Amino acid sequence: MGSALKHTHGNTGYFIRYYWKRILIALMMVLVLFGGIAFADTWDDKAEAEGETLLSISYGFINDILNPKVLTETGELLEIGYDGSEISVGPYTSSGAGAILDSIFKVSCVVAVIVLCISFLTDLAMMRQNDITEENVIRKLFMFVVGYLLIANSMKICIAIADTGTWVTQHVTASVTMDVNNSADEIKENMWTESHTTETLEASGQRVKWYEKLGNSVGDFGTKMGFIVQLIFPSLAMKLAWVIASVVCFSRAIELFLMSAFSPLAFMDSNTMDSLTNSPAWRFLKNILAISIQGAVITGTIAIASSMMGSIVNASSSSMGEFMEQSIQIIMIIFAEVSLIVRSQGIAKSVLAIG
């Protein structure tokens with residue numbers, strides 16, 4: 001075992017000494033790629049930071065952490081639509097998927113109506129002589145008509161329930177966006193003040209000598225670099241959270257569309273519809289409602305997490321050096337947010353007491 005480790009270590013050292021240039025180039029490419037991901041979408045803030053590149057990068061990170069755009073885009077992905085020819089998930093539409101959905105729905109309707117008719121005729125045939133009354137026949141006929149209408153309109157019912165969840169989502173988004181914007185603006189203002197020592201002193205009426213200005217410039221540069229170091233990992237964690245939230249939102253939309261396409265099968269048993277709350281149709285509707293509520297759970301999770309992170313950054317923004325310690329708290333909040341987003345459907349089912 002020991003000789004094998006020594007042999008492996010020797011080969012590794014030889015490999016590094018022989019290929020050190022290629023390894024260095026590969027590491028530089030990885031760093032460039034990592035930097036490109038980390039600094040993406042930050043350059044639009046240059047004007048806001050008065051052309052200062054380092055501060056604009058930090059502003060971009062603040063936007064990544066507290067950006068209401070994440071909340072808004074999530075709300076858009078939770079909006080679904082189907083007009084009979086194409087489906088839509090937020091800003092994205094697909095006529096091909098709409099055609100597949102329409103075909104599945106039509107086949108499901110045919111199967112459901114056939115089973116409904118067989119069930120209706122079987123019930124009539126198996127009724128006892130004493131049970132064949134005008135009232136019972138009318139009731140059976142009424143339930144047959146109700147079952148048929150539910151089958152024919154099951155897709156619309158599912159989409160309508162989903163639209164209710166979308167309305168709740170939009171309400172939550174609108175109520176939180178303004179507060180998050182105000183927090184981000186306040187943090188950026190404090191960052192500018194802390195990284196412009198000379199300008200701040202002169203604005204207060206103090207006279208700053210040239211060597212003090214030079215020292216302040218060096219200190220301000222270090223402060224700006226410190227902002228980047230402190231904010232980069234929470235920013236990357238938030239980007240990861242956004243990716244996971246997008247996956248969950250698309251999964252939710254696909255699941256809702258598939259359940260809507262097969263929804264006629266949930267209403268084909270007219271025998272159990274006399275007691276609606278115990279019927280398969282009622283359990284199906286509760287599951288559709290759970291998927292609808294899932295959107296509000298996702299939006300509420302992101303909104304609460306954004307507000308909590310804004311409070312943490314605001315608490316340390318008077319001395320941004322404190323944020324180094326508190327950035328770990330932000331990362332933990334983001335991980336908790338991701339966990340809740342992944343479990344959002346289970347939470348929604350718990351609300352409706354669905355096993």
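Does Ile80 count as buried or exposed, and at what relative accessibility? At 8% relative accessibility, Ile80 counts as buried, where buried means under 20% relative accessible area, exposed over 50%, and partly exposed in between, with a 1.4 Å probe and protein chains only.

This is a predicted model, in which local features need pLDDT of at least 70, side-chain atom pairs count only at pLDDT 80 or more, and totals for chains, interfaces and linings use all residues. Residues are numbered from 1 along each chain as its sequence is written, and side-chain values use heavy atoms, with hydrogens and water left out.

**Overall make-up**

The secondary structure comes to twelve helices and three strands; helices (H or I, at least four residues) and strands (E, at least two) are DSSP runs, numbered from the N terminus. Of the 355 residues of the protein, 40% count as buried. The protein exposes about 19,600 Å², and carbon and sulfur atoms supply 66% of that area. Accessible areas come from the Shrake-Rupley method with a 1.4 Å probe, and for residues only the protein chains shown count as cover. Among contacts with a separation of 6 or more, 76% link residues 24 or more positions apart; contact means heavy atoms within 4.5 Å.

**Nonpolar cores**

A nonpolar core is a set of buried Ala, Val, Leu, Ile, Met, Phe, Trp, Tyr and Cys residues joined through side-chain atoms within 4.5 Å. The largest such core has 27 residues, of which Ile80, Tyr82, Leu101 and Phe257 touch the most other members. At least two residues of this core come from each of β1 (80-82), β2 (87-89), α5, α6 (134-152), α7 (154-194), α9 and α10 (280-316). Helix α5 gives the most to this core, with six residues. Another core, of 25 residues, lies apart from it and has Ile57, Ile62, Leu66 and Ile333 among its members.

Ile80 lies in strand β1. Leaving aside neighbours within four places in sequence, Ile80 is in contact with Ser88, Ile159, Ala162, Asp163, Ala253, Leu256 and Phe257.

**Pairs in space**

| Pair | Separation along the chain | C-alpha distance |
|---|---|---|
| Ile80 and Gly90 | ten residues | 6.2 Å |
| Ala112 and Tyr148 | 36 residues | 8.6 Å |
| Ile232 and Phe61 | 171 residues | 6.6 Å |

Ile232 is found in helix α9 and is buried, with a relative accessible area of 12%.

**Helix α5**

Ala112 is placed in helix α5 and is buried, with a relative accessible area of 0%. Apart from neighbours within four places in sequence, Ala112 is in contact with Ile151, Pro264, Leu265 and Met268. Val111 also has its place in helix α5, but at 40% relative accessibility Val111 counts as partly exposed.

Val111 belongs to a nonpolar surface patch that it forms with Val107, Val115, Ile254, Leu258, Phe262 and Leu265, with about 570 Å² of accessible area together. The elements that give two or more residues to the patch are α5 (95-126) and α9 (210-261). Helix α5 gives the most to the patch, with three residues. Patches are made of residues with over 30% relative accessible area and no salt bridge, with like charges joined within 9 Å and nonpolar side chains (Val, Leu, Ile, Met, Phe, Trp, Tyr) within 5 Å.

The structure holds one salt bridge, defined as a side-chain nitrogen of Lys or Arg within 4 Å of a carboxyl oxygen of Asp or Glu. Asp102 forms the salt bridge with Lys106, and the closest N and O atoms are 3.1 Å apart. Both Asp102 and Lys106 lie in helix α5, four residues apart, about one turn of the helix. An α-helix has 3.6 residues a turn, so residues three or four places apart point the same way.

**Helix α12**

In helix α12 (residues 344-351), the buried residues are Ser344, Gln345 and Ala348. Seen down the axis of α12, these buried residues fall within an arc of 100°, so they line one face of the helix; the arc is that of the directions from the helix axis to the C-beta atoms. Helix α12 is followed by Ala353, whose phi is positive, near 60°.
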